[in-house]
Amino acid sequence: NSFCTLLVDRCPPAFSRVLHTLLPSTNPLSSSTNTTNTTPNMSQSRCLRKASATLVAKAHAAARAAAKAGAMPPTWARNATVRVHQPSRPGAIVLVRALRVWHVPPPTCEALHRDNNCDVDPSNAAPCCVAPTALLLCPYYELQACDTGAGECPSGSACPYVHADVRGAPEYQPHEKTAAARGAYERFAPGLRVTVVLPGHATAVVPSERLLRTRAFVGLRRAVGGCEHFVSRGFCDRGAACTFAHPLALP
């Protein structure tokens with residue numbers, strides 16, 4: 001409709017293409033049926049949404065209680081953050097203060113898949129499939145962050161995306177295992193077998209071409225420390241700037 005056209009016309013070309021996919025007028029959840037098993041990503045996303053929704057609710061509850069008492073919110077509530085992807089910057093995430101998040105999608109998404117035949121292609125999958133390590137920002141709220149004068153999201157609490165004020169939130173270029181498996185990041189040159197010291201002090205010998213390029217020193221005569229965030233949690237917000245190893249697979 002004319003309103004959607006106005007929003008798209010006021011954005012950079014790359015973001016306009018994203019909006020054509022994500023705005024409600026084109027139903028972001030509609031796609032052809034794919035028989036690929038989506039259970040792992042759905043499970044991770046349910047956990048992420050539930051944890052994020054719980055954190056946001058607790059932070060806001062703490063802030064309300066503090067306001068009633070005429071005090072500042074507790075430090076943990078002021079500092080708590082949620083990882084959020086922006087539609088126009090698929091390779092980046094922002095860490096948004098929980099107190100600046102107003103809506104997190106429900107923790108279950110099976111109904112979205114069942115009702116809309118979502119597939120797992122990242123270019124047209126539902127947000128619960130796309131980024132199991134971060135939630136996806138509602139396009140209307142990204143437009144607001146760009147000062148385009150966009151209105152409130154018409155889906156309200158039914159929106160499958162995060163509603164948050166991301167202005168001023170720190171941005172990172174992370175390494176994420178799901179994207180790494182698709183070849184999204186540069187790797188070290190092949191030819192070396194690198195000893196990686198894993199969290200818990202176990203070691204593994206990994207071919208250098210199975211290590212994402214970071215600032216870790218990869219040489220012949222020394223072991224390198226494995227990144228606890230990347231190995232244990234599946235992502236590292238520091239990405240290529242991390243000083244630890246990011247192994248794609250362990251023996």
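Guide: Let's start with strand β8, residues 193–197, which runs antiparallel to β9 and is joined to β9 by five bridges. Strands here are DSSP runs of E with at least two residues, helices are runs of H or I with at least four, and both are numbered from the N terminus; two strands pair if DSSP finds at least two bridges between them. Within this pair, Val-197 sits opposite Thr-203 of β9.

A word on the model before we go on: it is predicted, so local features need pLDDT of at least 70 and side-chain atom pairs count only at pLDDT 80 or more, while totals for chains, interfaces and linings use all residues. Residues are numbered from 1 along each chain as its sequence is written, and side-chain values use heavy atoms, with hydrogens and water left out.

Now to the loop between β8 and β9, where you will find His-201. Its phi is near 75°, a positive value in a residue other than glycine. His-201 counts as exposed because its relative accessibility is 71% (exposed is over 50% relative accessible area, buried under 20% and partly exposed in between, with a 1.4 Å probe and protein chains only).

Stepping back, β8 and β9 belong to an open sheet of three strands in the order β9-β8-β11, with mixed pairing. β9 (203–207) and β11 (224–225) are the edge strands, each with a single partner, so one side of each has no neighbour in the sheet.

Over residues 221–249, the chain is 21% helix and 21% strand, with its end C-alpha atoms 21 Å apart.

Finally, have a look at the second largest pocket, with a volume of about 150 Å³. Its lining is made up of Arg-83, His-229, Arg-233, Phe-235, Cys-236, Asp-237 and Arg-238, and α9 (228–233) and β12 (235–236) each supply at least two of the lining residues. A pocket, on a 1 Å grid over the protein atoms alone, is an open set of points where a 1.4 Å probe fits, with protein on both sides within 12 Å along at least five of seven lines, and lining residues have an atom within 4 Å of a point. Grid points are joined across faces, edges and corners, and the volume is the space filled by probe spheres set on them.
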